Amino acid sequence: MHLSALTLASLPADIHTPTYDRGRYAPGVVHLGLGAFHRAHQAMVFDHLLAAGDTRWGIHGIGMTRPDLVNQLRAQDGLYAVRVADGTGVKWQVPGALWRMNVAATERDAVVQAIAAPSTRWVTLTVTEKGYTPALGQLLLDGLRLRQQGGLPGITVASCDNLQGNGHKLLALVKAAATPQDAELLRWLDTHCAFPCSMVDRIVPAATAEVLAAASQALGLRDDASLSTEGFWEWVIEDRFADPSDAALIQSAGVRVTPDVHSYEEAKLRMLNGSHTAMALMGAITGKPFIASCIGVPHIRTFVQLLMSQEVAPHLSRSDWADYRDALIARFGNPYLKHSVHQIATDSSQKIPQRWPPSVLGQIAQGASFEHHALAAAVFVRYTLAEDEQGQAYALNDPQATSLMALGAAQRTEPEACMRALLGREDLWGSALPHHAGWIARVTHWHQHILQHGVDHAVQQLTEA
Ligand code: CS2
């Protein structure tokens, strides 16, 4: 038997389940991007608000392309179990905030109608870096237009993707979809809607067979949508809401509301996500399957420690970075999180620009060393060979896969031309690094070392220097 509204009451007593009425109210939040992250992060914050008696936080969840997850969740009435596990303990919870579901690719009109529904107060987004397309801007604008035409109140539209200044990017995308007839709508957007920037953090790997098996064991029911995460979570959001009273409300659920999200965003993108991408690519090439397997190797752990302390931290405005770094290293080692390196290496071409170049440029401006980032960049070049050091092929899952693999294929035979081409790409490295001779020389140095002696040897040499 499956987990569902009908079977919820049969769960063991130690599993935390929703106590509020899930059927009576219309959802107040439309979430675009119904992946693992949202369901184990924001959906649990909204679950908390609902449990506290505020009925406006039910979610209308939108899967962007694939129908399979939405179908599974529909079959389970939007219910799924989350295992929250780390060194402090293991507990299971069934959040109840997900009330309705649609797929944007095949049910676009339902999404537009949801944004324009009178009950909707927030739209939140986790559509990944590559999701910020003109089509997304158009979808949001169509929903907002319908609201404005219907004389409904404005809403808060919160981008929660790993992009610096994500609220500004999203607002620009929505405005870019407007036509000359939309002048009134744009005025309404500026005066009645809010696009706060926000930083969200929680490590939520894609579910594995092991997690699904553990869920059915813990629940005594089958759950095809269960997830595993860590105890830690953070949501920092800019104090800019369509309804200003939301600030105090979400604060009561543990969200940090601040005028300055920037310092949290940059620390997270460059420390957590920057280290993640470096480890993921190393693991993919050397055959270490999970982030925990990477951070468990002493020289990789030292590499990540030094990357953060010496090359990232000097350019951060978050002053408590040393505590943040130490906490991150502990989080990466969480044995319950089977966080696949290939999952994190997915879309690297879209992730690297936020994660590495800002620190490299900061080091260059100060005349300081950028060796750890140069090595990481060399690992990325080696990664485009699509074959690990044991000769096992792997897929590059990236919108730029074809061009990256075409450029990377020649790295053994024509290394110089290959480096020029790959390091010359401004879409990856920005406008300055492709012309910085010192940067190109150091990446080339580490790349040659990696081809001759392997990734582990290169990391060892750098960290023992
Ligand atoms: C990861 C992130 O897949 C990735 O690129 O770096 O999903 C990371 O786990 C989250 O941002 C943690 O908050």
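A nonpolar core is a set of buried Ala, Val, Leu, Ile, Met, Phe, Trp, Tyr and Cys residues joined through side-chain atoms within 4.5 Å. The structure described here is a predicted model, in which local features need pLDDT of at least 70 and side-chain atom pairs count only at pLDDT 80 or more, while totals for chains, interfaces and linings use all residues. Residues are numbered from 1 along each chain as its sequence is written, and side-chain values use heavy atoms, with hydrogens and water left out.

The largest nonpolar core holds 64 residues, and the members that touch the most others are Phe303, Phe332, Leu375, Phe380, Tyr383, Trp429 and Trp439. Helix H10 (residues 262-286) supplies the largest share of this core, ten residues. Helices (H or I, at least four residues) and strands (E, at least two) are DSSP runs, numbered from the N terminus. A second, separate core has 39 residues, among them Val29, Trp57, Val103 and Val204. Contact, here and below, means heavy atoms within 4.5 Å. When neighbours within four places in sequence are set aside, Phe303 is in contact with Ala278, Met282, His372, Leu375, Val459, Leu462 and Thr463.

Burial is expressed as relative accessible area: buried means under 20%, exposed over 50%, and partly exposed in between (1.4 Å probe, protein chains only). Glu265 is placed in helix H10. With a relative accessible area of 4%, Glu265 is therefore classed as buried. Apart from neighbours within four places in sequence, Glu265 is in contact with Leu163, Gln164, Gly165, Asn166, Cys197, Ser198 and Met199. The C-alpha atoms of Glu265 and Leu34 are separated by 22 Å, and these residues are 231 residues apart along the chain.

The ligand is considered next. A residue is near a molecule or strand if one of its heavy atoms lies within 4 Å of it. The residues around the ligand are Asn162, Val200, Asp201, Arg202, Lys268, Asn273, His276, His339, Ile344, Lys351 and Arg355. By class, this shell has two nonpolar, four polar and five charged residues; Ala, Val, Leu, Ile, Met, Phe, Trp, Tyr, Cys and Pro count as nonpolar, Asp, Glu, Lys and Arg as charged, and the others, Gly among them, as polar. The largest share of the shell, three residues, comes from H10.

An N or O atom in the side chain of Asn162 is 3.1 Å from an oxygen atom of the ligand. For Lys351, the distance from a side-chain N or O atom to an oxygen atom of the ligand is 2.9 Å. In Arg355, a polar side-chain atom lies 2.9 Å from an oxygen atom of the ligand. Of the 340 Å² of accessible area that the ligand has on its own, the protein covers 88%. Accessible areas come from the Shrake-Rupley method with a 1.4 Å probe, and for residues only the protein chains shown count as cover. Strand E8 (198-201), H10 and H15 are the elements that give two or more residues to the shell.

The loop between helix H14 (341-345) and helix H15 (348-355) contains Thr346. Thr346 counts as buried because its relative accessibility is 17%. A polar atom of the Thr346 side chain lies 2.9 Å from the backbone oxygen of His342. Beyond neighbours within four places in sequence, Thr346 is in contact with Lys351 and Asn397. Asp347 lies in the loop between H14 and H15, and has a positive phi of about 60° although it is not a glycine. Because its relative accessibility is 5%, Asp347 counts as buried.

A positive phi is also found in Asp77, a residue other than glycine, with a value near 55°. Asp77 is placed in the loop between helix H3 (67-75) and strand E3 (82-86). At 35% relative accessibility, Asp77 counts as partly exposed.

Phe241 lies in the loop between strand E10 (234-238) and helix H9 (246-251). Phe241 is buried, with a relative accessible area of 10%. Residues up to four places away in sequence not being counted, Phe241 touches Trp122, Thr156, Ala194, Asp246, Ala247, Ile250 and Val257. In helix H19 (residues 415-423) is Glu416, which counts as exposed at 60% relative accessibility.

Definitions and conventions:
Polar contact = N/O pair within 3.5 Å; in protein donor to acceptor, adjacent residues only side chain to side chain.
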